[in-house]
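Please read them beside the coordinates.

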Amino acid sequence: MDTANIQTIGLLIDIFAAAILVTAFLIVSSRSLAFYIRLFALQSLFLGGVALLVAVGYGETHILIAAFLTIAIKAIAIPVVLTRVIERIHVQKEVDFSVNVTVSLLLCGGMVILADSVAQSILGARQADATAVSRVLSVSIAMMLIGLFIMTTRKKALTQIVGLLTMENGVFLSGLSITYGMPLIVEVGIFFDILIAVLILGVFVFRINKTFESISIDSLRSLRH
Amino acid sequence: MPDWTWIETQAFSLMVAGYVFGGIAPLFLSIIWRSNPQSRAGLNRSIKNIGFGGALIASLAGCVLSLSVLLSGISLHVEIPETLLFGPTAIHADRLSAVFLGVIALLAAPVSVYSFGYATDFLPRRNMGLMVFLYNAFLLSMAGVVVAGHAVLFLFVWECMSVTTFFLINYEHEDPAARRAAFLYVTMAHIGTAFLVIMFVLLWTFSGSYSFDSFAGIGSRLPSGVRSVIFLCAIIGFGIKAGIIPLHIWLPEAHPAAPSNISALMSGVMIKMGIYGMVRVFFGFLGPDVPEWWGILILIIAVSSSVLGVLYALMEHDLKRLLAFHSIENIGIILMGVGAALLFTALGNKPLAAIALIAGLYHVLNHATFKGLLFLGAGSVLHATHSRNIEELGGLIKKLPWTSFFFLVGAVAISGLPPLNGFVSEWLIFQSLLFGFHMSALAVKIAIPLTVALLALTGALAAACFVKAFGITFLGIARSKAAEQAHEAPLSMTSAMGFLALLCVLFGVLPGSVVSVLDPLAAFLVGTSAAGQVTLNAGTLTIPQGTSSSISPAMLTGLLLALTAIPLIAGYLYAGALRRRVAMTWACGLQEIAPRMQYTATGFSKPIRMIFSNIYRARHEIEISEETSPYFQPNITYELKTESVFLKYLYEPLYKFVIGAAMVVRRIQTGHIQTYLAYIFITLVLLLLFAR
């Protein structure tokens, strides 16, 4: 493939990666559970796009399968499952914060800077051939941090799941950026894992809601004694 | 010349099959029975008979296996090619295994017979299937411990042994004391196993294999630091099971809590598994060239175990607890033999080491017989009176003549009096130590005389303790209604005790045969045979080293009998026919005495409590309720407590420290999921920031 094409694909990957980061920030600032899930679906769609571009642009055909699986499972199946859970437990409304939106966004900004500096030091020697893909590494690390941050500061059990999934997206993206994706068998394994995890977590959320009449994990504190 | 290998293989298969059958068959029986409903007691009775019958047959097969290995010197070796759990393992029964297997089987056989009668107590209210399953599993795992030829298999059966005993101690689980004892036991057992795992892993790193063959004689290839760590791990790991002081705290709790047939096995053989492990590791793996301080350390442990064990036993009024403390004492005596053997090996006097080791192993056998006998006797008393407190007993010699007689035989044996077996092994230990006086090493000059003196003290105190135990329990007049209405135990129980009493006499009168069996083993472990050192002929033991020393227990027995006869005959000749006057026991000339006027166990042990008050730290509490006038006191409560130094100054601070540390850690445990996530998050960010 000629250089111009590579550059176009590199540009597209950059734009998609930026879009993923934006969805992550939107999740942090969002207040409604349903919106959370839609944002996650969008994020997964963009992730699938990055995978597709990598597959086409760098000739890694096995990533093609991973890309389709990403879109099928993360952008469609999981959001559907989670939406159903929300409908069944009738909690559409607010997300509980333990850190408010403004501070959260500022902290997440800080995390992106941290992630970028970490990514630079990881790439270090490879700086010379900094392809678009390896530039994505800083985005993926930021995603992992933001996912963990969501899990730490949001109180509803469903937001925990979304946080976990965001982290997982970050892991997938870093896999893509460093080694053009992990071996297919590993990818398939992870997808299967994530799907089952979400199903089980969904059941858990349902049970937690039934037991405590709320999905705020604050109530789990009473299990301590 | 019989085909030894064939006999050994057959005996081994029969032994395993017997235990497995005895343990599992009752399970099927109860399933079949369910479709044919009859009385539960009938089912329990057949379960009992099948279970203990299987154990009896298996134990007899174990005796055959042990004897054929000891007589032929051909080891039984079975390679197990590839098992699901451990990979390739091996069963290996050499002379050392055979001695301990013999001890197990020799005690397990009479205890199984005893159980036929003893377990009838449990028939109406207990799960008999569980009892026989655990009983057989316990015996099989002990046999497994001594014949395991592979570290992983060894640890597996070792843990099986701990787990089965945990459930057996817990058998009467409504009693909170039993539950506490079982928990304490299993905690200590696991701490011990942790040290054993460390020991085996260290050995593995240098040998490259887990089989005992590869460990044999590895000591010379190890760096001295590693060797000492292995040695210390073995002392702690095996010492907990053996019940050495200060790791003994589980023992006086667990032995009384278990049913008496189990206590007999636990005290008679299970704690010996610790000794087996030590001898195997010290002499088989790490020997024969060992540092001097190992022997000294073992002697220190041995002396403190034996002296403190017997001192605590003196204060006990619970018959089974008293016997449990005597187990600690006897483990101490056994370890004196082992420690002296290590010390003499280190100093290069191998013949003397062989004598000391033979003495120690001989005492293992003797302790199994007389302590098994005593625990069975205590079980018989418990069976008859449902009381273990000797202050509530008394006068049982009239109600339980056979039990009393056999208990007396056991008491004389454990006190180390001739002509019984306890005397012979203690004499051998004394001799090996006394010959050590000739050595010039400073450590020996200090350690040996002290050990000898304290061993003598132990013997005297043990005699005092059994005068108390026997006198208060069996002599005098009954102190409670239960003791008054006691009845003799059934034939199965008395015959089992009779068999063990007979063994006590045989091993005491004919020591030559036992020593000649143990001699090749000592030769194998230490490197030199004691033969030529200990001369054996016609029941006479002679040790010709420096000044020669010899003893003939058989002749001693004859002499003792003759000496007893002399005053009787002389009295008859001098005063004519013996006059007979019937009076109450210990009535001191009074016509009639009430049970409460008798000497009590507390009173009997008072002088010793005064002399050793520093160790006992006894506390008296006298509570007098004055209701009407100071001259008529309706109630006086007297309480006497002795405290355990080890519990107060070693275990309590340790316990407090662990709980305190846990409380500190607990502060960060908020129970809040987000807090835990925040810990992870902050750690991650900090690592990213500083550890790039």
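1. Domain bounds, as used here, come from an automatic or database domain assignment. For chain B that assignment gives domain 1 (288-569) and domain 2 (645-690), and the centres of these two domains, taken over C-alpha atoms, are separated by 49 Å.

2. On provenance, this is a predicted model, in which local features need pLDDT of at least 70 and side-chain atom pairs count only at pLDDT 80 or more, while totals for chains, interfaces and linings use all residues. Residues are numbered from 1 along each chain as its sequence is written, and chains are lettered from A and ligands numbered from 1 in the order in which they are written. The model scores ipTM 0.76 and pTM 0.76; for chain B the mean pLDDT (the predictor's confidence in each residue, from 0 to 100) is 84, with 91% of its residues reaching 70 or more. Where pLDDT is low, the predicted coordinates should not be read in detail.

3. Chain B contains 26 helices and seven strands, where helices (H or I, at least four residues) and strands (E, at least two) are DSSP runs numbered from the N terminus. Its radius of gyration, taken over C-alpha atoms, is 27 Å, close to the 26 Å that the globule rule gives for 692 residues, so chain B is as compact as a globular protein of that length; the rule itself is 2.2 Å times the number of residues to the power 0.38. The C-alpha trace of chain B spans about 100 × 70 × 65 Å along its principal axes.

4. Chain A, by comparison, has seven helices and zero strands. Buried residues make up 45% of the 225 residues in chain A and 49% of the 692 residues in chain B, a residue being buried if 20 or more other C-beta atoms lie within 10 Å of its own, exposed if 12 or fewer, and partly exposed in between, with C-beta atoms placed from the backbone.

5. The C-alpha atoms of B:His383 and B:Asp121 are separated by 7.4 Å, although the two are 262 residues apart along the chain. B:His383 counts as buried because it has 22 C-beta neighbours inside 10 Å.

6. Helix H19 (residues 491-509) of chain B has 19 residues, which at 1.5 Å a residue should span 27 Å, and its end C-alpha atoms are 26 Å apart, which agrees; the expected span is 1.5 Å times one less than the number of residues. Its buried residues include B:Met497, B:Leu500, B:Cys504 and B:Phe507, and what covers the buried residues of H19(B) includes H13, helix H20 (511-526) and helix H21 (553-575) of chain B.

Notes. Contact = placed C-beta atoms within 7 Å.
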